[in-house]
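Work through the exercises below with the sequence and the model open. Each task is followed by a solution in steps.

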Amino acid sequence: MPRIACLWVPDLPLCAALRAEPQLAQAPLAVVQSGHDLGGRAHVLGATPAAEGVEPGQTLAEARALCPGIQVRQASPERERAAAQAAVEAAASVSPRFEEVAPGLVHLDADGLSRLFGDDRGVARALVVAAERVGLRAAVGLASGKSVALLAARAAAPDLGFEVTRNGPGGGAFRVVAPDEQAAFLAALPLLAVDLSDELQQTLRRFGLHTLGDVSRLPPGPLSARLGPEGAVLWRLGRGEDAARLAPRPAPERFEEGEELEWDAQSIEPLLFVWKALLDRLAQRLGARGLMARALSLRMRLADASWDERVVDLAAPAREVGPLLQLLRLAVEGRPPASGVTAVRLCVLPTAEVLDQLPLFGPRSASPTQLAAAVARLSALVGPERVGQPVAKDTWAPFAADVRPFAPPPPPDLPPDPAPAPLSLSARALRPPRTAEVRCDGAGRPLLVIGEGALGGRVVASAGPWRTVAEWWTEAPVSLDSYDLEIAGGLLLRASRELASGAWWIEAVYD
């Protein structure tokens with residue numbers, strides 16, 4: 001039977017709260033049911049050790065009576081969703097074959113991992129460390145079969161400690177059940193540790209059965225006749241026969257962190273603190289997997305329950321919190337949300353980590369994230385449609401150009417023996433073209449150019465004309481003659497005359 005590991009976060013609401021606010025790990029804190037109308041009737045879902053006497057299942061009123069100085073946080077679905085995703089990522093960092101059974105409960109294939117982590121205990125210890133790296137306190141079980149691995153994780157739960165780390169709560173524990181010890185482990189396991197209905201638990205107690213070993217020693221036929229299919233499944237579990245198979249899932253393609261606000265944020269300043277915390281946790285999760293962000297998706301739930309979504313494309317993969325925060329700020333400042341923000345969800349599309357090789361010669365180039373922040377600032381000042389990279393337009397009109405989103409080119413590959421390039425002219429297009437007055441001879445050849453500033457003078461040589469007639473089927477047809485002119489003093493120009501109006505303009509200067 002294959003070796004299966006189980007990663008279980010028993011106090012997911014508490015871990016989710018402490019991942020977002022790690023400074024509360026040493027304070028008396030209780031996480032209660034969400035809902036402002038519950039008041040003191042809200043039940044406690046988890047509490048820190050500093051909240052002495054407070055246990056899950058108590059009401060908030062009872063918790064405050066036992067610990068008057070206790071701090072309270074409501075359970076946050078956004079935080080718990082992110083914590084559950086972090087548990088999946090912790091499992092994926094240890095084994096490529098994993099299955100998320102429920103939020104905070106992941107099974108993974110442990111066969112063959114001993115080559116990376118040593119024996120089974122090394123695999124279980126690696127899972128505990130991976131969970132603590134993303135701010136989770138996990139109980140890990142490793143055994144033969146999914147059901148037995150889950151029971152081993154539950155058996156390790158009483159050994160969980162509570163250590164304060166910079167990422168959140170630590171102090172995970174593990175229990176490894178060797179194949180030759182599995183029968184003894186299951187025989188001594190109380191039935192209360194197994195997920196059974198209350199009715200079946202009462203029936204088994206009436207029969208005098210208290211452990212899995214008591215059930216496995218009974219004949220299967222009469223047991224199934226009395227208890228039905230649940231009895232047969234329980235008997236096979238007691239004998240270590242697990243029919244459940246691992247159903248691997250693909251690795252997550254999105255990294256999400258979310259936060260629900262206690263008030264409606266009407267300006268960008270309070271949102272910056274929330275985004276900073278979310279980006280810190282996302283950068284931590286990406287770093288644990290050796291990934292970087294290639295795009296950011298920001299979703300904000302507004303006061304009218306609608307969602308405002310923004311997508312920030314990065315010029316290059318990045319994981320630096322400061323520039324990413326600046327990009328988010330510029331994206332929202334340019335188009336503020338229509339109303340107050342009540343919740344924030346930040347998603348990162350990951351890509352493989354890219355490490356830039358610094359040049360040995362010449363100045364150091366700008367960081368891709370700093371370059372993206374500069375482009376975003378320019379877009380906020382003049383508009384996104386006016387910032388980008390010039391490209392040739394698919395048209396017959398001379399010197400026509402368009403703008404596409406800016407993307408830094410890859411570093412050029414130097415040839416092994418670079419040869420000197422031949423000297424050639426390049427045309428520097430003028431945007432927009434400069435109007436000019438051109439005087440011609442009787443044959444229509446330019447003799448004198450009167451333009452703006454230094455763009456003018458006596459023509460000493462000319463070439464052309466080159467006639468362009470295009471796009472006659474549109475409302476703005478192109479019909480013009482173009483000349484290359486050498487002005488006294490050495491200046492080279494490209495000038496064009498529109499045939500319909502006779503107007504002249506200077507389109508480019510040759511360098």
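**Exercise 1. Cysteines**

Classify C347 and C440 as buried, partly exposed or exposed, and state how many disulfides a search of the whole structure finds.

Solution. The coordinates are those of a predicted model. Buried requires a relative accessible area under 20%, and exposed requires over 50%. C347 has 3% relative accessibility, so C347 is buried. C440 has 33%, so C440 is partly exposed. For the second part, the criterion is a pair of cysteine sulfur atoms within 2.5 Å. The search of the whole structure returns zero disulfides.

**Exercise 2. A helix pair**

Describe the packing of α10 and α11 by angle and axis distance, and list the residues that meet.

Solution. Helix α10 covers residues 220-227 and helix α11 residues 229-238. Their angle is about 140°, and their axes are 6 Å apart. Roughly antiparallel would need an angle over 145 degrees, so α10 is oblique to α11.

On the α10 side the contact consists of P220, L223, S224 and L227, which meet P229, E230, G231, A232 and W235 of α11. Sorted by class, the contact has six nonpolar residues, two polar and one charged.

**Exercise 3. Surroundings of L212**

Is L212 buried or exposed, and which residues is L212 in contact with, leaving aside neighbours within four places in sequence?

Solution. L212 belongs to helix α9 (residues 212-216). Its relative accessibility is 0%, so L212 is buried. With those neighbours left aside, the contacts of L212 are L151, L186, A187, L189, L191, V194, L234, L237 and G238. For scale, V106 is 106 residues from L212 in sequence, and their C-alpha atoms are 24 Å apart.

**Exercise 4. Helix α1**

How many residues of α1 are buried, and what covers them?

Solution. Helix α1 spans residues 12-20, and nine of its nine residues are buried, so the helix is largely enclosed by the rest of the structure. Among the buried residues are C15 and R19. The cover includes the strands β2 (29-32), β3 (44-47), β9 (169-170) and β11 (255-265), together with the helices α3 (77-92) and α12 (268-289).

**Exercise 5. Backbone checks**

Locate the cis peptide bond between G464 and P465 and the positive phi of A305.

Solution. The bond joining G464 and P465 is cis, with omega about 5°. P465 sits in strand β19 (residues 457-470). A305 is not a glycine, yet its phi is about 75°. A305 is found in the loop between β12 (291-302) and β13 (307-318). At 57% relative accessibility, A305 counts as exposed.

Key:
Residues are numbered from 1 along each chain as its sequence is written. This is a predicted model: local features need pLDDT of at least 70, side-chain atom pairs count only at pLDDT 80 or more; totals for chains, interfaces and linings use all residues. Side-chain values use heavy atoms; hydrogens and water are left out. Buried means under 20% relative accessible area, exposed over 50%, partly exposed in between (1.4 Å probe, protein chains only). Axes are lines fitted to C-alpha atoms, for helices over the stretch in contact, and angles run from 0 to 180 degrees between N-to-C directions. Helices (H or I, at least four residues) and strands (E, at least two) are DSSP runs, numbered from the N terminus. Angles under 35 degrees count as roughly parallel, over 145 as roughly antiparallel, 65 to 115 as roughly perpendicular and the rest as oblique. Contact means heavy atoms within 4.5 Å. Ala, Val, Leu, Ile, Met, Phe, Trp, Tyr, Cys and Pro count as nonpolar, Asp, Glu, Lys and Arg as charged, and the others, Gly among them, as polar.
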